[in-house]
Each structure stands twice: as C-alpha cells, then as structure tokens.
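Dear colleague,

Please find the structure below, together with its sequence.

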Amino acid sequence: MLIFSLIMAASLFIALLLQLTVANSMAILGVQPDIVFAVIVSFSSIGGPMLGSICGAATGMFMDIAFLSPGVYSFQYTISGIISGLFHRSRVPGILRPLLICVPAYLIKESAMLLALYLLNASMDWAALPAKLLTGTVYTTFIALALYILLGLLERINIIRPVKDDKEAD
C-alpha cells in the first residue's frame with residue numbers, strides 16, 4: 001500500500017511537471033496530450049472511484065492554480081477519476097479495459113471543459129471541435145494505455161498492489 005501510494009504520488013507529480021512544461025511542444029494538430037488525465041485514469045482504474053476522486057481533485061487544484069482557472073480542472077479531473085474508478089472491478093480483458101475506460105471519461109472531461117468555456121464566454125472555433133476531440137481522445141488514450149500496461153507489469157511482479165475495497169478485504 002505504501003509503495004503504491006508513493007508510486008502514485010510520484011507519477012502524478014511527474015505528470016503535472018510534464019503537462020506544464022513539455023506537453024505544449026508535443027501537440028498534434030494543435031491538440032496537447034492530457035498527461036495528467038492519463039495518469040488519473042490509469043490509477044483510478046486500479047484503485048477505484050475514491051482514489052480517482054482524490055487524485056483528480058488534488059491534481060486539478062494544482063492545474064487550476066497553474067492556469068488561473070476557477071475550479072475547472074478540479075471539477076473535470078475529479079469527475080474523470082470517479083468515472084474511470086467505477087470500472088476498477090470490470091471483467092473486461094486485457095488491453096480493451098483501458099480503452100473502454102479512457103474514451104468515455106475523456107469525452108466527459110472535455111464536455112465539462114467546453115461547458116465551462118461556454119459559460120465563461122470564451123471564444124472557440126466550434127467548426128474544428130470534432131477533429132480536436134477525436135485527436136485528443138486518441139492521443140490521450142494511447143498515453144493512458146501505455147501507463148496501464150506499465151502498472152499491470154508492476155502489479156504482476158508484486159511491486160504494487162491495488163487498493164482493496166472493504167467488500168474485497170473480508
């Protein structure tokens with residue numbers, strides 16, 4: 001449990017640093033990968049919705065401070081962590097699991113961001129929105145898939161153990 005927590009905290013910290021420093025230079029078709037989202041989804045799909053909401057809220061607050069946004073990142077990352085955490089006990093095999101978790105969670109996260117931008121009267125290129133959503137979904141899903149595979153390997157060699165629910169502990 002302690003090793004899992006340390007790996008998770010270090011991963012979130014590194015993801016925050018990468019998101020704030022190099023993600024802009026990694027843009028494809030004007031879309032940056034959401035590295036923080038990929039880490040939150042990967043860990044919450046192993047640890048459950050409570051872990052996902054804590055990871056999402058904590059990293060979202062740091063992103064809100066960095067981008068001077070009034071709670072937008074906290075909201076969308078918390079929702080994403082909860083949604084992806086709900087699937088932590090799913091029986092979907094292998095590589096399909098992170099794909100089926102990441103795609104809907106990313107689309108919901110981006111919908112929350114679009115709603116916030118609309119409510120804040122931000123100007124947007126609505127015509128380019130479908131292409132940007134598709135590019136961002138695919139790009140971020142590949143990052144989440146790589147992280148999920150890495151976490152699965154760490155779990156198999158007993159470096160980390162996922163958090164158990166009360167029902168599973170009995």
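**Salt bridges and backbone angles**

In this predicted model, the count comes to 2 salt bridges, taking a side-chain nitrogen of Lys or Arg within 4 Å of a carboxyl oxygen of Asp or Glu as the rule.

One of these pairs K109 with D34, and the closest N and O atoms are 2.8 Å apart.

The relative accessible area is 3% for K109 and 18% for E110. Because buried means under 20% relative accessible area, K109 is classed as buried, and E110 is classed as buried also. Through shared partners, the salt bridges join D34, K109 and E110 into one network.

Turning to the backbone, two leucines deserve mention. L29 is a residue other than glycine with a positive phi, near 55°. L29 is placed in the loop between α1 and α2, and with a relative accessible area of 69% it is exposed.

For L68, phi is likewise positive and near 55°, again in a residue other than glycine. L68 is found in the loop between α3 (49-67) and α4 (72-85). Its relative accessibility of 76% makes L68 exposed.

With kind regards

Conventions. Residues are numbered from 1 along each chain as its sequence is written. This is a predicted model: local features need pLDDT of at least 70, side-chain atom pairs count only at pLDDT 80 or more; totals for chains, interfaces and linings use all residues. Side-chain values use heavy atoms; hydrogens and water are left out. Buried means under 20% relative accessible area, exposed over 50%, partly exposed in between (1.4 Å probe, protein chains only). Helices (H or I, at least four residues) and strands (E, at least two) are DSSP runs, numbered from the N terminus.
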